[in-house]
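Here is a short note for a colleague opening this model for the first time. Please keep the structure in view while reading the points below.

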Amino acid sequence: MIYHELLNEKQTEKMQIEKRLRKAIQKETIEVYYQPKVDARHNIITGVEALVRWHDEELGFVSPEVFICIAEEAGLIHSLWESVMNIACCQISKWNKMFNQELTLAMNFSPRQFQDSSLLVHEVKAALSSYKLNPGSFEMEITESTLLINTQETIKALHELKEYGISISIDDFGTGYSSLSYLKNLPIDCLKIDRSFIMDMNEDDSNRKIIQAIISLSQSLNLNVIAEGVELEYQKDFLLENGCVHMQGYLFSRPLCAIGFESLFCSSDGQSID
Ligand code: C2E
Ligand code: MG
Ligand code: MG
């Protein structure tokens with residue numbers, strides 16, 4: 001196939017995804033899955049990360065890795081976020097009552113959402129307050145790419161959110177290109193060690209060194225640290241030995257639909273998922 005035909009095919013596929021996604025947002029068929037965040041010392045669930053899910057009638061399951069960037073380019077990311085935020089806040093507020101325990105809720109935010117950051121701050125606060133959720137139990141996950149664009153506006157928004165009580169985590173930490181100086185200038189609460197380091201920990205000794213360095217960086221800057229993509233027991237053991245107790249990954253649980261999370265939480269008899 002010649003190059004421009006391949007490009008056309010890609011373009012058509014993108015337009016199809018965009019059209020179907022717009023429809024899914026309008027028809028409110030977007031779903032949210034929840035992956036437990038665990039204190040691995042006792043395998044206790046402390047909260048969840050909300051992850052968007054989309055099963056389309058025509059296209060089947062489409063991964064967020066594919067459609068998030070299309071949503072960004074098409075200007076759909078804000079309305080997609082509104083759907084996810086509403087569903088997740090409503091769910092967490094039910095669970096907090098049902099389980100009589102306050103779970104933390106982490107949400108992913110795209111860099112594009114900070115282009116109108118005052119609107120974003122306003123809407124985050126409005127959603128939390130309308131579901132009567134404690135801002136202290138809400139975590140905003142951003143990547144370093146968010147800090148690379150729109151800096152002044154973004155910094156102002158992050159400070160406002162922090163003052164409101166929200167925690168800010170750097171997702172996929174260690175894979176970005178921004179300078180580390182933002183760690184001292186910005187109200188960051190937590191570093192999320194990227195799963196690529198965890199996965200290849202045994203093949204490559206330098207990955208273990210990088211993990212140790214991120215943990216020690218977070219300790220010296222008084223930041224929390226969490227590891228994502230923990231799939232195997234030896235990865236958990238290595239992290240615990242090195243002082244990282246908060247984890248997420250298939251070893252504990254895959255992302256689950258609301259009913260799936262409820263039965264995991266209930267069967268774990270007050271949180272422990274041993
Ligand atoms: P992320 O925020 O870093 O989320 C972690 C991803 O790793 C999720 O993929 C999760 O299902 C997957 N994962 C968790 N544990 C394991 C594990 O042990 N092994 C492996 N191999 N994978 C694991 P998912 O749900 O496909 O999401 C991919 C990315 O899409 C997310 O990465 C996030 O950047 C983005 N995303 C997902 N939901 C949203 C959303 O609501 N809004 C925005 N803006 N982005 C989202
Ligand atoms: Mg995340
Ligand atoms: Mg990540």
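**Notes on the ligand sites**

1. Start with a side chain. Gln-35 places a polar side-chain atom 3.0 Å from a nitrogen atom of ligand 1. That is a polar contact, meaning a pair of N or O atoms within 3.5 Å; within protein, one must be able to donate a hydrogen and the other to accept it, and residues adjacent in sequence count only if both atoms are side-chain atoms. Taken alone, ligand 1 exposes 800 Å², and the protein buries 86% of that. Areas come from the Shrake-Rupley method with a 1.4 Å probe; for residues, only the protein chains shown count as cover.

2. A word on the basis. This is a predicted model: local features need pLDDT of at least 70, side-chain atom pairs count only at pLDDT 80 or more, and totals for chains, interfaces and linings use all residues. Residues are numbered from 1 along each chain as its sequence is written, chains are lettered from A and ligands numbered from 1 in the order written, and side-chain values use heavy atoms, leaving out hydrogens and water.

3. Glu-228 has a polar side-chain atom 3.3 Å from an oxygen atom of ligand 1. At Tyr-250 a polar backbone atom lies 2.8 Å from an oxygen atom of the ligand.

4. Now the shell. Ligand 1 is surrounded by 22 residues, counted when a heavy atom lies within 4 Å of it. The closest are Arg-53, Asn-108, Arg-195, Glu-231 and Tyr-250. Strand E2 gives the most, with four residues. Helices (H or I, at least four residues) and strands (E, at least two) are DSSP runs, numbered from the N terminus.

5. Next, the magnesium ion (ligand 2). Its protein donors are Glu-49, Asn-108, Glu-141 and Asp-171, at 2.0 to 2.2 Å. Donors are N, O and S atoms within 2.8 Å of the metal (3.2 Å for Na, K and Ca); water is not among the atoms, so sites may look incomplete. Distant parts of the chain are linked here: Asn-108 in strand E4 and Asp-171 in strand E6 are 63 residues apart.

6. Which residue bridges the magnesium ions, ligand 3 and ligand 2? Asp-171 does, and the ions lie 4.3 Å apart.
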